[in-house]
Amino acid sequence: MRASAIFGLAALALLAAGCEDSTQNTTATVTPAEPVQTPVERGRYLVAFGGCIDCHTPGYFMGMPDMTRLLGGSEVGFEIPGLGVFHGPNLTPDMETGLGSWTEEQIVTAVTKGMRPDGRELAPIMPWRGFANLTRTDSMAIAAFLKSLPPVSNKVPGPFAQGATPTSFVMRIIPPPGGAPARP
Ligand code: HEC
């Protein structure tokens, strides 16, 4: 009686082991659809896709982005009617002119909530409302990538309050000759 019980248990154990083995085999043969990315690689991918390079890299709006100073800040500011002129700041980890003193958490808050560490809300040309639904993993990956960049020393001008004189190039909405058409 006892012997057959032991035999039964051993048979069960063998069965279980067999099941485990077959599961492992199945998993081993599945090829992942995407290569596994590190947070920094994922961040690089998201930053390229999110348009960040356009607004935050010198030369981009002049038709000659300076990729040696990737995300080092734009010399062209956006004039937002009623608000002022805002340049895409230096996002590299330079201590004086970039995000060197910001924590990754502060970068995530700026990108997804539009709030700087000093409490100022970012102008709406920075499309943070569009980034608000990034997953926690993705927004942290963006911060990790920005922190991994070589620091670039470049302080962008501004921000300039409405009516203040800008000191660099400005993108401005201007009416056509003959006056402004009716707004939609
Ligand atoms: C259409 C242009 C544009 C795009 C696209 C854009 N930004 Fe910005 N961003 C700006 C501007 C302009 C500011 C400054 C706004 C202000 O000072 O109120 C800014 C501010 C920021 C700030 C705050 C920095 C500081 O020093 O105050 C961070 C961080 C930031 N952007 C990250 C990103 C990231 C990451 C992406 C892409 C996922 C991105 N931005 C895409 C234009 C843009």
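Q: Which residues of H6 are buried?
A: This is a predicted model, in which local features need pLDDT of at least 70, side-chain atom pairs count only at pLDDT 80 or more, and totals for chains, interfaces and linings use all residues. Residues are numbered from 1 along each chain as its sequence is written. A residue is buried if 20 or more other C-beta atoms, placed from the backbone, lie within 10 Å of its own. In H6, the buried residues are Asp138, Ser139, Ala141, Ile142, Ala143, Phe145 and Leu146.

Q: Against which helices do the buried residues of H6 pack?
A: Helices are DSSP runs of H or I with at least four residues, strands are runs of E with at least two, and both are numbered from the N terminus. Contact requires C-beta atoms, placed from the backbone, within 7 Å. The buried residues of H6 pack against H2 (39-49) and H4.

Q: How far apart are the end C-alpha atoms of H6, and why does this agree with its number of residues?
A: The expected span of a helix is 1.5 Å times one less than its number of residues. H6 covers residues 136-148, and its 13 residues should therefore span 18 Å. The distance between its end C-alpha atoms agrees, at 18 Å.

Q: What is the order of the elements in the protein chain from the N terminus on?
A: The protein chain holds 6 helices and 4 strands. Read from the N terminus, its elements run α-α-α-β-β-α-α-α-β-β.

Q: Does E1 run parallel or antiparallel to E4?
A: Two strands pair if DSSP finds at least two bridges between them. Strand E1 (residues 76-80) is joined to strand E4 (residues 169-171) by 3 bridges, and Phe78 stands opposite Met171 in E4. The direction of E1 and E4 is parallel.

Q: Which residue in the turn of the E1 and E2 hairpin has a positive phi?
A: E1 is joined to strand E2 (residues 84-87) by 4 bridges in an antiparallel arrangement, with His87 as the bridge partner of Gly77. The hairpin leaves 3 residues between E1 and E2. The residue with a positive phi, about 85°, is Gly82.

Q: Which element gives the largest share of the shell around the ligand?
A: A residue is near a molecule if its C-beta atom, placed from the backbone, lies within 6 Å of it. The ligand is surrounded by 25 residues, of which Gly50, Gly51, Cys52, Cys55 and Met126 are the closest. Elements giving two or more residues to this shell are H3 (52-56), E2 and H4 (104-113). The largest share, 4 residues, comes from H3.

How values were computed:
A residue is buried if 20 or more other C-beta atoms lie within 10 Å of its own, exposed if 12 or fewer, and partly exposed in between; C-beta atoms are placed from the backbone. Two residues are in contact if their C-beta atoms, placed from the backbone, lie within 7 Å.
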